[in-house]
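Have the model open in your viewer while you read.

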Amino acid sequence: MKIASFNIQNLFHRDKSLLVKFMGKNITDWTEELDHLMKHGEKGPNDYDRIRELSFLLGFERNITQNFGVLRRRNGELYLKQGSVLHQPKAAEHTLWQGWMPIHTTPISKKAVQHKAMVIAQANPDILLLQEVEDKASLNIFLKDHLSQHDILPYAQCQVLEGYDSRGLAFGVALKEGYRLEGVKSYGHFLDRTGRPIFQRDCQEYRILTPRNEWLTILCVQFSNTNPKRRKLQSQTVANIYGELRSSGYERIVVCGTFYEPSFSDGLRPLFSTADLKDISKHQGFKVTMDTKEGANYYRLGAYRKGVNLKQRDYLLYNEPLAKHVMGGGMNRRGIWPSRSSKWPIFSSLKRRSDAASEHPLLWMELSPA
């Protein structure tokens with residue numbers, strides 16, 4: 001049995017707020033000014049002149065496809081058409097409204113989608129755990145139209161449970177034939193002392209029945225990527241949830257997801273110090289391709305190990321009752337665009353950063369059937 005966890009960073013579309021911004025300050029200011037002008041109900045001649053100037057400065061006239069669309073009524077319903085917009089600065093009455101509207105997501109390149117499928121196909125897990133998925137429909141399309149192009153057995157069951165983040169950052173699970181998802185539980189309703197959700201995205205529990213009629217419990221979670229105090233609270237909460245599961249008689253438990261800190265950090269101390277959880281990357285059978293050239297000769301703080309100079313943010317953990325069944329594991333980072341200071345083998349078809357499968361590696365572990 002093979003289990004894999006992968007922060008796939010969306011399948012087909014990704015919210016713009018999640019993308020690294022490479023724009024200069026001028027472009028940012030021009031964009032904000034244009035958005036502000038477009039929101040004005042009544043515009044004077046000076047406003048229109050400035051809109052034309054900003055459109056020219058932002059290069060709208062040079063692009064066939066823009067980050068805006070036209071919203072019209074067709075057969076009694078509104079539809080969105082991506083592309084260039086007619087010069088119609090004055091809007092009609094509401095029932096025949098025609099104007100501009102921003103699109104808050106950007107499409108992921110076809111190459112990147114292919115690389116996502118290639119990373120998963122190389123691991124070929126029986127249980128696939130994904131973070132940052134748009135929705136169940138997207139996952140179904142990805143599994144049937146993209147992953148099916150590879151020589152692996154199809155996934156017979158998949159489920160996506162949306163969390164509290166509205167930017168298309170749901171969690172997904174896909175299972176091969178013979179594995180059954182018997183229960184899903186969310187801990188997103190857990191609140192801190194101020195009444196805010198402890199997990200901004202979610203913490204989900206999956207109960208899976210294996211072909212040998214053995215039960216496996218998986219906790220999939222994403223911690224805060226900006227707030228160290230929040231991460232420590234989330235770490236403590238996951239440790240408490242794990243402790244309650246063990247007290248309730250659950251034995252085989254896996255914890256996975258993106259924690260955004262190295263394992264030795266103070267923020268993750270509650271999880272690693274109170275629970276009998278082991279990191280697959282520390283297993284003697286853990287396999288990963290080392291960095292190339294001089295990168296293989298040294299060890300950076302937070303790296304997985306010497307010669308694997310990638311700061312650890314993603315985890316696949318197993319508890320003590322599972323330890324005797326763990327045969328080994330590995331990390332696939334061939335779909336990650338290398339940093340300036342570290343180089344590693346990547347797919348030959350990966351030629352630019354925007355075509356990367358994700359900024360995160362896929363982690364997997366293999367368990368013996370007995």
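Here is a walk through some local features of this model.

A word on ground rules: this is a predicted model, so local features need pLDDT of at least 70 and side-chain atom pairs count only at pLDDT 80 or more, while totals for chains, interfaces and linings use all residues. Residues are numbered from 1 along each chain as its sequence is written, and side-chain values use heavy atoms, with hydrogens and water left out.

**Rings**

Let's begin with the aromatics. Rings of Phe, Tyr and Trp (its six-membered ring) count as a pair if their centres lie within 6.5 Å; planes under 30 degrees apart are called stacked, over 60 edge-to-face, and the rest tilted. The structure has four such pairs. One of them joins Y187 and F190, edge-to-face, with 5.3 Å from centre to centre and 80 degrees between the planes. For accessibility, buried means under 20% relative accessible area, exposed over 50%, and partly exposed in between (1.4 Å probe, protein chains only). Y187 is buried at 4%, whereas F190 is partly exposed at 26%.

Then there is F272 with Y315: the ring centres are 5.9 Å apart and the planes sit at 55 degrees, so this pair is tilted. What does the pair tie together? F272 belongs to helix α6 (residues 269–274) and Y315 to strand β16 (residues 314–319), so the contact links parts that are 43 residues apart in sequence. Helices (H or I, at least four residues) and strands (E, at least two) are DSSP runs, numbered from the N terminus. F272 is partly exposed at 22%, and Y315 is buried at 0%. Ring pairs also link F223, F259, F272 and Y315 into a cluster.

**Charges over rings**

A charge sits over a ring if NZ of Lys or CZ of Arg is within 6 Å of the ring centre and within 35 degrees of the ring normal. Here are two cases:

| Charged residue | Ring | Distance from ring centre |
|---|---|---|
| K2 | W364 | 4.4 Å |
| K176 | Y155 | 5.0 Å |

**Cysteines**

How many disulfides are there? The count is zero, where a disulfide is a pair of cysteine sulfur atoms within 2.5 Å. Take C256: its closest cysteine sulfur is in C220, 3.9 Å away, which is too far for a bond. C256 is buried at 0%, and C158 is buried as well, at 10%.

**A cavity and its lining**

On a 1 Å grid over the protein atoms alone, a cavity is a set of points where a 1.4 Å probe fits but cannot get out, and lining residues have an atom within 4 Å of a point. The count comes to two cavities of 30 Å³ or more.

P361 lies in the loop between β17 (326–332) and β18 (362–367) and is buried at 3%. P361 and I336 are 25 residues apart in sequence, with 7.0 Å in space from C-alpha to C-alpha.

N124 sits in the loop between α3 (110–123) and β7 (127–133) and is partly exposed at 30%. Y260, also not a glycine, has a positive phi near 65 degrees. Y260 is found in the loop between β13 (253–258) and α6, and is buried at 14%.

Notes
1 Å grid on protein atoms, 1.4 Å probe; cavity = no way out; pocket = protein on both sides within 12 Å on 5 of 7 lines; lining within 4 Å. Points joined across faces, edges and corners; volume = space filled by probe spheres on them.
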